[in-house]
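Okay, thanks for coming, everyone.

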Amino acid sequence: VKFRFNKKVFVAQTGDTIAAALYRNGQRIFSRSFKYHRPRGLLCFSGKCPNCLMNVDGVPNVRTCITPVREGMQVRAQNAYPSLGMDFFSIIQLFDWLMPVGWYYKTFTNRTMWHAAEPAIRKIAGLGEIFPSSTREYEHGWMHTETAVIGGGWAGMQAALGCAEAGEQVVLVDDQASPGGQMLYRKDLHQGAEGLLQQLRTSKNIRLLQNSSCFGLYEGNLLGVLQRDPHESVAERLVHLRADHVVVATGAYETPLLFPGNDRVGIMLSSAVLRLLHIYGVQAGKSAVVVGEPSESISRQLESGGIRVVATVSGDSVIKVTGSGQVSGIQTHNGNFSCDLIVICGPRVPDTGLIAQAGGKVEWSDTQNAFLPAFLPPNITVIGDAAGETVANIIPSLPTSKRAFVCICSDVSSTDLCDGIAEGFSHIETLKRYTTATMGPCQGRMCQLSTIGVCARETGRSFGQTGMTTSRPPNPGVTLGALAGPRHHPIRRTPLHYAHNEHGAVWMDMGDWRRPRYYANRMGATETDCITQEYRAVREAVGVIDVSTLGKLDIRGPDSGTLLDKVYTHRFTELKPGRVRYALMCDEGGIILDDGTISRLGEDRYFVTTTSGNLDFVHQWLEWYLITSGWDTHITDVTAGYGAMNVAGPKSRDVLRRMTDCDLSSTAFPYMACRETKVCDIPAMLLRIGFVGETGWEIHCPAESAEHLWRAILDAGSEFGIRPFGVEAQRLLRLEKHHVIVGVDTDALTNPYDANLSWTVKLDKADFVGKALLAHAATDHTHEHLVGFVLQAQELPPDGAAVVVDGKPAGRVTSVRYSPAKKAGVGLAWVPTSQAHEGSTIDVRVNGALIKATVTLTPFYDPEGTRLRQ
Amino acid sequence: MKSSALFRLHQRAGAQFCEHQGWNMPAAFTSPELEERHVRQHCGLSDLSYRAKFDSQIQPAELGWRLAEKHYLMIGDEPIDPPRGGIDVTSVYANLFLAGPQSQAVLEKLTSLNIFDARFPNLSCAQASLAHVHAIVLHEDIGSIPGFHVLVTREYAESVWEVMFHAGHEFHLQAFGLLALECLRH
């Protein structure tokens, strides 16, 4: 398998992880440390420590020791300038006396200093860079199982097989390239790994998630699992795993010992050396000094693997490690030894993070000298080394030295911890926050025990009294890409979407909907030209607009009118079948929530339209009042079932006459009437309403026939100069009529009286939502009012511009456009009551200057509404 | 003829169309035999939006799916005898039919709904978020082949269809037409 590392081609053996392949090829430095840029080599080789983090295929901070090599992979070192071997910033370690613990808090005491230094600090100190242009894909997934086993070591595999044999569905999660745990590299433990693995892979009841880290255990036994490289086109998949029962078999991990120079390249945990040797057939070194308390078996395995053990020394006998860059020897109280590898046999710490996250208790056991689970929440079991079955820690000596690193993630030494405690941060949680120990990529796996040890020693408390820091998800860290998931946002398309494309629609997003803003109908025409043409078509001939995005509710049942009377401000029980009425909905405080139309199609049947964005809310609002009332009414959301288009303009009747037998004369089909009929043989509902202020019909037909009907309307209207018009022209047309758009011209404080919609409120009907406060609003004239205005200059203010009275902001513009009918800029604005009368003058702020405008209370176009009724 | 919300996508995929119950539906995308074999081996996605659907508070005599205490969805091929007071929602929902042994694996990437047999056996139904869209999921196997109807409101149909194909890529998800469905049923 070939891959590139820092642009050079390397060859890996099948099954190698990236770090194993690089080590096999002679690479010894894998990263530079976070703060001092000290060279770092492989330490844990199990995905716990930060030493092997690299950029893989554009994804930063990938743990290369557990990431299998793929053909063509691009691997790059990170946080090293210019290279891993020679990093200029490593000079910083000579000035560590300038950067004591709490350096940030002590140095950057004002904001200016911090802002000046921050960019440089961010560049120099840190982990990998994020490249927003990365094209790697991420996925989400959901799984459900009866038993989830976390950890694929001997105990985890036994538990999974046992549950599977009992007939349970099991998901086994393991963070390594292959399950097996210590069995894969410690030949003295639990023979028969291959047999167990074979059983696992062939069991029908077991789903194996390998190369996957469980980063969190949440309420209700929801587990967060990050699957790396689930398939070739995806970098990571975040799986939401829900289990009836969780078995925590996360085992125990080996931790480093504390001695001066304990972070040198060539110092490795014994488990890492054995992994390299037995899984990948790679010798970590030729001659080794073993530090700590090794079992006989480890020394024997090293020797049989061709690694000569020069000496075995205890941790507290180490004076210093020698060698520039890589280890060349070690000075101890027992003598000096030359070696190219130091093998650390450190304490093994039960991995109990998930237990703590689930609400369990982890407490110090004096008998086993380890933090062990003391209380488990229901449906969670802990087994194996995580439960402390074979763990017996010997707490190592804890020398105080600037070069004895407790936290290798953030370069925190034992001296730094002692200084922090001396400054008063003596609680383990405050010490963590002050020094950042246990807060790096390893999340305490490499440093928690030593941190607790130093804290306990310096404060005179026991380990139990000192306690552990809190384990919180995600642990290990999760990439932002995995949390964000796939690049997908649902889009709502109307049934006429593709027809609009043919007319050159220029799209705009309205929530999830896509609507034509206007139609770019000829080359070289500006947006203003196109919108003006659409406007003129409607005012002078005929236009058609897609209004399928309107919310549509079918309400039927004997109590439907009563429900509508309760929720809307107007009266609907008295509405005659075949008639339409404008409908305004307010909350209990009399604040406008939504508007639309209500058509009575039969004695017990109504058709309600809502604004495009408020459909779900209105539906729920109606259901809420229905549930609490017990009325016999059924509400169905039929929004998607109808395509809707508004044919408007003086020639609209001429167009529609060619398509339907329905009598469209004003006598037979007056303004605010509705009919169910056929148009072009398509069943349709016609509503004679006029949002744009012209004679017009809103046609609702089954969505599957809408495109056919749209084309038929355009064909029939071609001789009358019909044009499709978009949202922008519609907004101009309605503005000339003073028609309000809820949410644009109103806000969270608007009541119908202030918005000149008092005619929609029937205070003389029985109780309805908001009646009490609307009755008060009807007599209270102290508020501001929504009025029309005509600008006295050509320049247009933006929507939202301030209205100024006596030099002070006193209101705001909600909508403004240039009106061809008025040949001036017109708009709607909120002004104080004192200014809300015909002919008063207000000032509107435009680009810092004030422009005069004249208030008008009647529509700018056809104030009597005769054109609507023609 | 009536057009499904997915008509344009089928056209782009090179579907051969046929009239089916007044709708212009894809008969096949490649060959019915290949499509049938593919669904039996992997998984396939078909557009059955032509099927009649009625929303009702009363339990229908047949073809009914109980969505809630007093909420039923009747769905089937025409002619259909709707329940009293039932509201025709044929136009409201697009009906995407996912079938094949890998169909559960595809759905696992799209919804938090537990769609495995123990909790969601054949002829079960549920409402859930699927590909970030509210969906009605009906479990209706074709013999021994797992099958799931995904009903989403028509305006989301294209979006969901595309996301399902994206999620199904690793499971070799392919579109299949009405002719292959007919073969699978017999």
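Quick definition before the helices: axes are lines fitted to C-alpha atoms, for helices over the stretch in contact, and angles run from 0 to 180 degrees between N-to-C directions. Helices (H or I, at least four residues) and strands (E, at least two) are DSSP runs, numbered from the N terminus.

And the housekeeping. This is a predicted model, where local features need pLDDT of at least 70 and side-chain atom pairs count only at pLDDT 80 or more, while totals for chains, interfaces and linings use all residues. Residues are numbered from 1 along each chain as its sequence is written, chains are lettered from A and ligands numbered from 1 in the order in which they are written, and side-chain values use heavy atoms, with hydrogens and water left out.

In chain A, helix H9 (residues 414–422) packs on helix H10 (residues 428–435) at an angle of about 120°, and their axes are 10 Å apart. That makes H9(A) oblique to H10(A); the scheme is under 35 degrees for roughly parallel, over 145 for roughly antiparallel, 65 to 115 for roughly perpendicular, and the rest oblique. H9(A) and H10(A) cross in a right-handed way, where right-handed has the near helix turned clockwise from the far one by less than a right angle, and left-handed has it turned anticlockwise.

Who touches whom? From H9(A) you have A:Asp416, A:Leu417, A:Gly420 and A:Ile421, and they meet A:Leu431, A:Tyr434 and A:Thr435 in H10(A). By class, the contact of H9(A) with H10(A) has four nonpolar, two polar and one charged residues. Here Ala, Val, Leu, Ile, Met, Phe, Trp, Tyr, Cys and Pro count as nonpolar, Asp, Glu, Lys and Arg as charged, and the others, Gly among them, as polar.

Now zoom out to chain A, with its 22 helices and 46 strands. Its radius of gyration is 37 Å, well over the 29 Å that the globule rule gives for 870 residues, so chain A is more spread out than a compact globule. That radius is taken over C-alpha atoms, and the rule is 2.2 Å times the number of residues to the power 0.38. The C-alpha trace of chain A spans about 110 × 65 × 55 Å along its principal axes. As for burial, 59% of the 870 residues of chain A count as buried; that's under 20% relative accessible area, with exposed over 50% and partly exposed in between (1.4 Å probe, protein chains only).

Over to chain B, which has five helices and 13 strands. A compact globule of 186 residues would have a radius of gyration near 16 Å, and chain B agrees, at 15 Å. The C-alpha trace of chain B spans about 40 × 40 × 30 Å along its principal axes, and 61% of its 186 residues are buried.

Where are the cis bonds I picked out? One joins A:Pro473 and A:Pro474, with omega about -5°, and A:Pro474 sits in the loop between helix H12 (463–466) and helix H13 (480–484) of chain A. Another runs from B:Glu78 to B:Pro79, with omega near 0°; B:Pro79 is in the loop between strand S7 (71–76) and strand S8 (87–88) of chain B.

Then there's A:Gln443, a residue other than glycine with a positive phi, near 50°. A:Gln443 lies in the loop between H10 and helix H11 (448–459) of chain A, and at 31% relative accessibility it counts as partly exposed.

Methods:
Contact = heavy atoms within 4.5 Å.
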